[in-house]
Amino acid sequence: MYEFLLRMGDNTLVLGHRVSEWCGHSPVLEEDIALANISLDLIGQTRLWLGLAGEVEGQGRDADALAYRRDAWDFRNLLIVERPNRDYGHTLMRQFLFDLWHHERLADICLSEDDRVLGIAAKCVKEASYHLERSTDLIVRLGGGTAESHSRMQTAVEALWPYVGEMFTDDALDIEMDKAGIAPLPSNQRPRFDEALNITLSRASLTRPAGDFAQKGGRSGVHTEDLGHMLATMQFLPRAYPDARW
Amino acid sequence: MYAQTVQSTGRKVKSLEEMSDQERAFQARIDAGEKIEPKDWMPDGYRKTLVRQISQHAHSEVVGQLPEGNWITRAPTLERKAILLAKVQDEAGHGLYLYSAAETLGVSRADLIDDLLAGRAKYSSIFNYPTLNWADMGAVGWLVDGAAIINQVALQRTSYGPYSRAMVRICKEESFHARQGFDIMMKMVAGTAAQKAMAQDALNRLWWPALMMFGPPDKDSVHSAQSMAWKIKVMTNDEGRQKFVDQTIPQIEYLGLDVPDKAARKNPKTGHYSFVDPDWDEFFAVLKGYGPCNADRMLARNKAHDDGAWFREGLLAYAEKQTIAAE
Ligand SMILES: [Fe+2]
Ligand SMILES: [Fe+2]
């Protein structure tokens with residue numbers, strides 16, 4: 001259960017951080033505002049998931065201790081959320097692929113037999129549905145915009161494609177969570193994900209990348225090089241001043 | 001302030017006798033405390049001065065995202081990160097309200113932003129100073145937003161309706177900005193020796209630039225008279241600065257920090273503090289582009305704009321295709 005909660009909370013923590021990196025640097029003021037909203041939602045969700053993880057662990061660690069005092073190998077997020085922002089097209093495509101998965105995932109977890117897990121999922125699913133609506137809309141518009149916006153979005157989906165498979169790979173922990181009635185198997189979602197993805201890509205005149213090779217490891221603590229750099233920034237103050245209260 | 005040295009007409013204020021009938025009627029409305037609305041007749045100089053002031057104010061909100069944005073990825077707790085993000089998000093929103101207010105005067109946001117990016121427009125000198133430790137996030141909210149509030153509360157009474165209404169909305173959010181800043185400072189001074197040192201360091205660096213926010217001394221403020229007569233400006237630079245010093249020094253003492261101005265003393269008769277002026281040569285140098293961060297701030301804004309061009313063009317092209325398809 002603790003590890004399952006880390007998987008949920010680390011996804012939103014890491015993606016929320018990536019999105020916040022845009023603050024003040026996005027293409028237009030309205031996007032600065034929208035990105036801040038998304039990041040705020042994700043940080044809020046992180047506090048719920050990691051807060052519960054700390055409780056379940058029972059070692060006196062709260063959400064901040066888990067966010068700021070673990071090293072990369074203890075992080076359980078999907079690799080896709082730690083991929084760097086690159087251009088705004090990558091950022092939006094990463095968000096869209098994640099939102100599509102996340103929304104379905106939370107909807108599934110709303111069937112959880114654990115009231116605490118269900119409570120968090122029910123709150124988060126509303127935000128996730130709004131995020132998905134927004135990112136879908138932008139993918140469609142940019143895919144159908146100029147030749148350049150189209151090609152940037154196509155490049156982005158191709159670069160991120162190898163990170164999609166990991167979202168739906170079941171492992172021993174997933175099977176355990178499914179048996180315990182806490183969360184259904186991620187692989188259940190794949191058909192729904194594919195259907196929605198194909199619809200959006202076709203509305204956006206984008207081509208679904210070929211191949212199904214999946215980069216994996218994030219959910220068991222083997223990350224890309226990027227996560228360590230991100231944590232070096234994010235955790236700097238609590239690490240440098242361990243006795244401080246902020 | 002966020003608009004520190006707004007050029008006005010550059011001429012001396014006309015007396016009632018020198019005015020045309022139209023100008024006299026306009027001045028009478030201002031003197032009666034009426035709000036001027038976009039469709040109303042207004043002197044050319046009034047319109048131009050307002051555009052300069054409102055756009056400087058808007059640019060300041062936008063560039064003002066950068067010094068605080070500098071610490072969002074290093075905020076030390078999830079709650080602090082959320083508060084700081086929400087605060088910087090508000091500033092982007094202020095930029096939007098203000099560009100909209102400026103657009104009611106017949107200019108376009110795109111042109112105003114071009115002026116900023118080309119270095120033709122000004123923004124507040126304060127945002128050309130760096131944020132070097134976490135306590136700067138406290139000191140910026142407390143001192144910079146605190147100084148801005150003094151000015152913006154007064155500007156709610158400004159004569160131009162859309163500007164005044166934008167100020168009313170903005171002021172509602174500003175008190176949260178100042179409070180979260182002071183709250184950070186309280187945590188820092190109650191914390192470890194290192195945290196207290198950060199707090200003092202932030203205060204020492206930001207005190208003088210905060211005083212500069214109110215603009216040059218009234219005696220050197222060449223464009224104030226006309227702006228005051230038109231109630232585009234409703235408080236003099238020196239009045240605002242005195243108010244700021246009077247409210248801030250007791251707060252510094254409450255925090256247990258040293259006042260950077262060692263000579264500041266309260267006059268028991270007037271209740272006002274005496275204080276040493278900031279270095280005005282430095283102020284004018286910063287306005288000319290020689291502050292520690294001018295180049296970096298402009299580089300960051302230009303990069304965001306240039307890198308985002310394809311995104312804006314993509315959305316525009318899509319919208320145009322939709323309109324054509326609908327016809
Ligand atoms: Fe503001
Ligand atoms: Fe503010």
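Visitor: Where is B:Lys231 found?
Guide: This is a predicted model. B:Lys231 is found in the loop of chain B between helix 9 (224–229) and helix 10 (237–255).
Visitor: What is its phi?
Guide: B:Lys231 has a positive phi of about 55 degrees, although it is not a glycine. Most residues other than glycine have a negative phi.
Visitor: Buried, exposed or partly exposed, this B:Lys231?
Guide: B:Lys231 has 26% relative accessibility, so it counts as partly exposed.
Visitor: And what about A:Ser205, what is the phi there?
Guide: A:Ser205 has a positive phi of about 55 degrees and is not a glycine. A:Ser205 sits in the loop between helix 9 (190–203) and helix 10 of chain A. Its relative accessible area is 47%, so A:Ser205 is partly exposed.
Visitor: How many polar contacts and salt bridges across it?
Guide: Between chain A and chain B there are 13 residue pairs in polar contact. The interface has one salt bridge. That salt bridge is between B:Arg109 and A:Glu30, with the closest N and O atoms 2.8 Å apart.
Visitor: Let me pick a residue in helix 2 of chain A, A:Glu31. What is it in contact with?
Guide: Leaving aside neighbours within four places in sequence, A:Glu31 is in contact with A:Ser26, A:Tyr88, A:Arg134, A:Leu138 and B:Phe311. A:Glu31 has a relative accessible area of 7%, so it is buried.
Visitor: And A:Leu237, which element is that in?
Guide: A:Leu237 is in helix 11 of chain A. At 1% relative accessibility, A:Leu237 counts as buried. Not counting residues up to four places away in sequence, A:Leu237 touches A:Trp246, B:Trp71, B:Arg74, B:Pro76 and B:Trp134.
Visitor: On to aromatics. How many pairs over all chains?
Guide: The count is 18 aromatic pairs over all chains. In one of them, the rings of A:Trp22 and A:Tyr88 have their centres 4.9 Å apart.
Visitor: Why is that pair called edge-to-face?
Guide: The planes of A:Trp22 and A:Tyr88 are at 85 degrees, so the pair is edge-to-face; the cut-off is over 60 degrees. The pair links distant parts of the chain, with A:Trp22 in the loop between helix 1 and helix 2 of chain A and A:Tyr88 in helix 5 of chain A, 66 residues apart. Both A:Trp22 and A:Tyr88 are buried.
Visitor: Which residues form a cluster with those two?
Guide: B:Trp310 and B:Phe311 form one aromatic cluster with A:Trp22 and A:Tyr88.
Visitor: Last topic, salt bridges. How many over all chains?
Guide: The structure holds 36 salt bridges over all chains. One of them joins A:Glu21 and A:Arg18, with the closest N and O atoms 2.9 Å apart. A:Glu21 is partly exposed, with a relative accessible area of 29%, whereas A:Arg18 counts as buried at 5% relative accessibility.
Visitor: What about chain B?
Guide: Among the salt bridges is one where the side chains of B:Lys14 and B:Glu23 meet, at 3.0 Å, N to O. B:Lys14 counts as partly exposed, at 39% relative accessibility.
Visitor: Which residues do shared partners join into one network?
Guide: A:Arg7, A:Asp171, A:Asp174 and A:Arg219 are joined into one network by salt bridges that share partners.

Notes: Residues are numbered from 1 along each chain as its sequence is written. Chains are lettered from A and ligands numbered from 1 in the order in which they are written. This is a predicted model: local features need pLDDT of at least 70, side-chain atom pairs count only at pLDDT 80 or more; totals for chains, interfaces and linings use all residues. Side-chain values use heavy atoms; hydrogens and water are left out. A salt bridge is a side-chain nitrogen of Lys or Arg within 4 Å of a carboxyl oxygen of Asp or Glu. A polar contact is a pair of N or O atoms within 3.5 Å; within protein, one must be able to donate a hydrogen and the other to accept it, and residues adjacent in sequence count only if both atoms are side-chain atoms. Helices (H or I, at least four residues) and strands (E, at least two) are DSSP runs, numbered from the N terminus. Buried means under 20% relative accessible area, exposed over 50%, partly exposed in between (1.4 Å probe, protein chains only). Contact means heavy atoms within 4.5 Å. Rings of Phe, Tyr and Trp (its six-membered ring) pair if their centres lie within 6.5 Å; planes under 30 degrees apart count as stacked, over 60 as edge-to-face and the rest as tilted.
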